[in-house]
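Subject: Handover of a two-chain model

Dear colleague,

Please find the structure below, followed by an account of what was found in it.

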Amino acid sequence: MNPQSSGPDDLKSRLKMAMQSEPMPAHLETRVRASLRSATPPSEGRRSWFWTASAAGAMALVAMGFFAYRQQHYSTIAEMTQSVSRIVRVGLEDHLHCTILRHQPKVPKPLETMKEELGPRYAALLPAVSAHVPEGYQVLDAHHCHYRGREFVHLVMNQGARYVSVVVANQQPGESFSTEQLVPALAHSGLSFYQQGNGRFRIAGFESAKHLVYIISDLPEEQNRQLMMAMGGDLQRALPAL
Amino acid sequence: MQASETIDQWIAGQTSFADRTMSQSIPSRERFEAEAMPHMGDLYRTATRVLGERSRAEDVVQEVYLQAWKSFHRFEPGTNCRAWLFKILFHCINHHRRKWFRFPVLKENEAFLEANLTHVEPIPEHLTDADILKAMDNMPADFRSVVLLVDVEEFAYKDAAEILNVPIGTVMSRLSRGRKILRELLDEVAQAYGLRAGKEAKS
């Protein structure tokens, strides 16, 4: 180096030489690499957190929406069934839940599909109902459904937006039209038929050894009762004995 | 950087250097290492000179790499990774400086230094690297940082201004004064060694 050089380049070169004279510790790179290995990959953590939080939020919203909808559904049905007796309410609740408050298929399900959905144990109900379909109506659907933990066999007939349900429920211990102190509306084919109305809906019912059977419609009271009288015997025979 | 702002938040909010063209893809560790690791030596040496302590310099360099890795998804290949790392380095240092120690900021002496350090002495050839580093350590921190960035690391004034978050004019004036201070300090060392006569003798 020229001892008389005095410009910035002289200073810079001496500074650089001096700085380079201090080596980086050999362990530093190892230490840094080790800490990087244990660190969360960039943005991945934030992104996964974001998506997890979003998914959780969406699920919470869906759950809240579903819960609110279900509560509204329950309260609507409870309000619509409060004026009927408890045993009649069983069938009416399923009719309201499954037929009135849910969207029904626009075209009837194929017969084979309905048979399959009913299953061999209840498939005989389909011809029993089909034989007595009110004029202008059609068998729209037949299936098993649930309301508040209870299973129903449900056959639906319709004429446009007017529906008739045949609802069958397994009789639970202590459940009987007679214990509700209902007076049979009439007796026919060895069966006692009970009848109640609830504003728009007419409910006729009978019980077999193991089942409660309801016909629920917005037909006139007399027409609904006649439908039950016509259908009752065949329904009872179609129901499984056990 | 706000007092309540963490280094993570500060880096996430940066729009300079790497963030000018942001990549949304998740980078690989291999790419990060290829881009960032070659600068570790420069970062360490600068940190050592600024902090004056090797163990703290190691801690800070490790922190710089962790912070850089966390925000590397914002880094676009081809932009100035080195400048970006140095900016993180100085922010890490500033973040910890209150906790660790007080820098001697000699702003009140700037006028005095400007008035008195007018004579440019050649750097004596016989000064050792240790003498030069020791002189640098004795510089006021603000001047030392600018000299390190511009004269040693060869950053442009504009990049040094971004790294230190000061106006470019401040970089230029600090560099000028810093060089004079350093020459003066080196001259004192040279006088102590008997390599050069004192100012009184010369005049």
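What share of the contacts in chain B with a separation of 6 or more is made by residues 24 or more positions apart? The share is 77%, where two residues are in contact if their C-beta atoms, placed from the backbone, lie within 7 Å. In chain A, residues 24 or more positions apart account for 59% of the contacts with a separation of 6 or more.

Before going on, please note that this is a predicted model, in which local features need pLDDT of at least 70, side-chain atom pairs count only at pLDDT 80 or more, and totals for chains, interfaces and linings use all residues. Residues are numbered from 1 along each chain as its sequence is written, while chains are lettered from A and ligands numbered from 1 in the order in which they are written.

The two chains

Chain A has seven helices and seven strands, where helices (H or I, at least four residues) and strands (E, at least two) are DSSP runs numbered from the N terminus. Along the sequence, the order in chain A is α-α-α-α-α-α-β-β-β-β-β-β-β-α. Chain B has 11 helices and zero strands.

Of the 242 residues of chain A, 31% are buried. A residue is called buried if 20 or more other C-beta atoms lie within 10 Å of its own, exposed if 12 or fewer, and partly exposed in between, with C-beta atoms placed from the backbone. In chain B, buried residues make up 40% of the 203 residues.

One position in chain A

A:Ala161 lies in the loop between strand S2 (150-159) and strand S3 (162-170) of chain A. Is A:Ala161 buried or exposed? A:Ala161 is exposed, because there are 8 other C-beta atoms within 10 Å. The C-alpha atoms of A:Ala161 and A:Ile100 are separated by 9.3 Å, and the two residues are 61 residues apart along the chain.

Helix H3 (residues 40-51) of chain B is mostly covered, with 10 of its 12 residues buried. Among them are B:Leu43, B:Tyr44, B:Ala47 and B:Leu51. Just after H3(B), B:Gly52 takes a positive phi of about 80°.

The axes of H3(B) and helix H8 (residues 141-152) of chain B come within 10 Å and cross at roughly 160°. Here axes are lines fitted to C-alpha atoms, for helices over the stretch in contact, and angles run from 0 to 180 degrees between N-to-C directions. H3(B) is therefore roughly antiparallel to H8(B); angles under 35 degrees count as roughly parallel, over 145 as roughly antiparallel, 65 to 115 as roughly perpendicular and the rest as oblique. In this pair, B:Thr46, B:Arg49 and B:Val50 of H3(B) meet B:Ala141, B:Arg144, B:Ser145 and B:Leu148 of H8(B).

H8(B) also meets helix H9 (residues 157-164) of chain B: the axes of H8(B) and H9(B) come within 10 Å and cross at roughly 140°. H8(B) is therefore oblique to H9(B). B:Ser145, B:Val146, B:Leu149 and B:Val150 of H8(B) make this contact with B:Tyr157, B:Ala160, B:Ile163 and B:Leu164 of H9(B). Buried residues in H9(B) include B:Ala160, B:Ile163 and B:Leu164. After H9(B) comes B:Asn165, whose phi is positive, near 60°.

Yours sincerely
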